[in-house]
Number of protein chains: 2
Amino acid sequence: MAGRLRGSKVLLTGASGRVGEAILRRLGEAYDWRLLDREPPTGEPDHEYVVADVTDEEAVREAMAGVDRVIHLAGDPRPEAPWDSVLANNIDGTRTVVAAAAEAGVEKFVFASSNHAVGAYETDERVPDLYRTGDEFRLDGTELPRPSNLYGVSKAAGETLCRYYHDTTGMSAVCVRIGNLTAEHPPVEYERGQAMWLSHRDCAHLFERCLEADYEYEIVYGISDNDRKYYSIERAREALGYEPADNSVEF
Amino acid sequence: MAGRLRGSKVLLTGASGRVGEAILRRLGEAYDWRLLDREPPTGEPDHEYVVADVTDEEAVREAMAGVDRVIHLAGDPRPEAPWDSVLANNIDGTRTVVAAAAEAGVEKFVFASSNHAVGAYETDERVPDLYRTGDEFRLDGTELPRPSNLYGVSKAAGETLCRYYHDTTGMSAVCVRIGNLTAEHPPVEYERGQAMWLSHRDCAHLFERCLEADYEYEIVYGISDNDRKYYSIERAREALGYEPADNSVEF
């Protein structure tokens, strides 16, 4: 889990959210972080902290100075978020951040996508078998998006933006379709959540691999090594060296 | 080519553009059209004509009254269009039209996507062989988007929006990745354009099939049956009954 502090700067957008918290709790000492969030910090922050909205092009461009890796988490995180919000915060906001990163010569761009980008593969015919051990259905990241809500539409658009900036500038980009992140233990009495559980420990490890591995453009699933699963973690293992430690069946 | 005038109404957005012109020239008599464009008609229109912008939710909702099929062409058509324009006109505009169609109970929604949604598959390694007869590389519509410009990003987002509204409402939706549409003859001394040529005759026939065939959700390529090609037309044949008559090699 030890990171390699290279004297380089990692920008973390949406730093005060749930995923940011999971990352910083374990990797806080490993990197020279610049945190960005539109909310001011609660208390004295442990790292450089920029208060800015990701839709503010000038502020984002300034925050990119001296940065060579980016983890972009910022956006409206609500699956039920209305279109106007995900259009502005998630689609336009991601475009602002990824374009500024490419322009600044950032080497690696890590984008927090979501299981909601492919939630509509969970059809009536497949559910609930899909969530259970022994079911063979797998999504592996090569499939077309099939969002279950407008939030998922916005995450799919973010993936395509990453693809575009990778193709046109060579910046490495990885999109992590994050499952169900909870601390301590998997969701209780929620089969879907158990099937796509991502422990805090595996979350931090996966994002560390995204910062450290060599890749071109990847879409991977961000879940622990659950017995129940319908997302393949093979591509995360192969492309990033992801080695998850947790499994929701053990709880 | 004979349409079946069922007394039902077909809404055609972006009616005054190049694709709209190709459709109306051959199918003008076959359907009861409601044309929509943000520019007023030049001269007396042959069909009901609504002047409205597709980003105007209320105007779009009104234009959907009594409509059971939609061909959505409206948007900024420039491959070099800047982000702000494609965000508003192509992404937000398409969302407005497809959501209004789903809400109004429209049966079939035909979306004009573009070859630019997958333009970055034309890598330095593949070009120019890709454009030549005998090269075996094919895109078939199951591949992830790989846009060559922000216009292509916006078209890929439109495809995902169609998928979402299909999945949540059951409205049939087809996305046509339109190639290089020209009247009379294929582009001269432009191999790429010859490989993705779509004649006016085949364009009208393909959109007629999109209005008439039974399907759930499809992504198809809109090109003639060119000897040179790197887009498969098999899915358009199978799902829609598309039978192109033209081939750029014959010119």
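Contact here means heavy atoms within 4.5 Å. By that rule, and not counting residues up to four places away in sequence, P41(B) touches Y49(B) and V51(B). The structure is a predicted model, in which local features need pLDDT of at least 70 and side-chain atom pairs count only at pLDDT 80 or more, while totals for chains, interfaces and linings use all residues. Residues are numbered from 1 along each chain as its sequence is written, chains are lettered from A and ligands numbered from 1 in the order in which they are written, and side-chain values use heavy atoms, with hydrogens and water left out.

To stay with P41(B) for a moment, this proline sits in the loop between β2 (32–37) and β3 (48–51) of chain B; helices (H or I, at least four residues) and strands (E, at least two) are DSSP runs, numbered from the N terminus. P41(B) has a relative accessible area of 29%, which makes it partly exposed. On the scale used, buried means under 20% relative accessible area, exposed means over 50%, and partly exposed is what falls in between (1.4 Å probe, protein chains only). From P41(B) to E189(B) is 148 residues in sequence and 34 Å in space, C-alpha to C-alpha.

Now for how the two chains sit together.

In terms of contacts, 25 residues of chain B meet 25 residues of chain A. The size of an interface is often given as the accessible area lost when the parts come together. For chain B and chain A the buried area is about 2200 Å², with 72% of it on carbon and sulfur atoms; this is the accessible area (1.4 Å probe) that two parts lose on being put together, summed over both. On the chain B side, W83(B), L144(B) and Y164(B) lose the most area to chain A, together 25% of what that side buries.

R146(A) pairs with D167(B) in a salt bridge, with the closest N and O atoms 2.9 Å apart. On the side of chain B that touches chain A, α3 (83–103) and α4 (150–169) each supply at least two residues, and α4(B) gives the most, with nine residues.

D167(B) has a partner within chain B as well: its side chain meets that of R163(B) in a salt bridge (3.1 Å, N to O). The two are four residues apart in helix α4 of chain B, separated by about one helical turn. D167(B) is partly exposed at 23% relative accessibility, whereas R163(B) is buried at 15%.

Over all chains, the whole structure holds 48 salt bridges. One of them joins R192(B) and E122(B) (2.6 Å, N to O). R192(B) lies in helix α5 (residues 191–195) and E122(B) in the loop between β5 and α4 of chain B, so this pair ties together parts 70 residues apart in sequence. Both R192(B) and E122(B) are buried. In chain A, K9(A), D32(A), R34(A) and E48(A) are linked in a network of salt bridges.

Back in chain B, S114(B) lies in strand β5 (residues 108–114) and is buried, with a relative accessible area of 3%. Its side chain reaches the backbone nitrogen of H116(B) at 2.9 Å. Leaving aside neighbours within four places in sequence, the contacts of S114(B) include Y151(B), K155(B) and V176(B).

Definitions and conventions. Polar contact = N/O pair within 3.5 Å; in protein donor to acceptor, adjacent residues only side chain to side chain. Salt bridge = Lys/Arg side-chain N within 4 Å of Asp/Glu carboxyl O.
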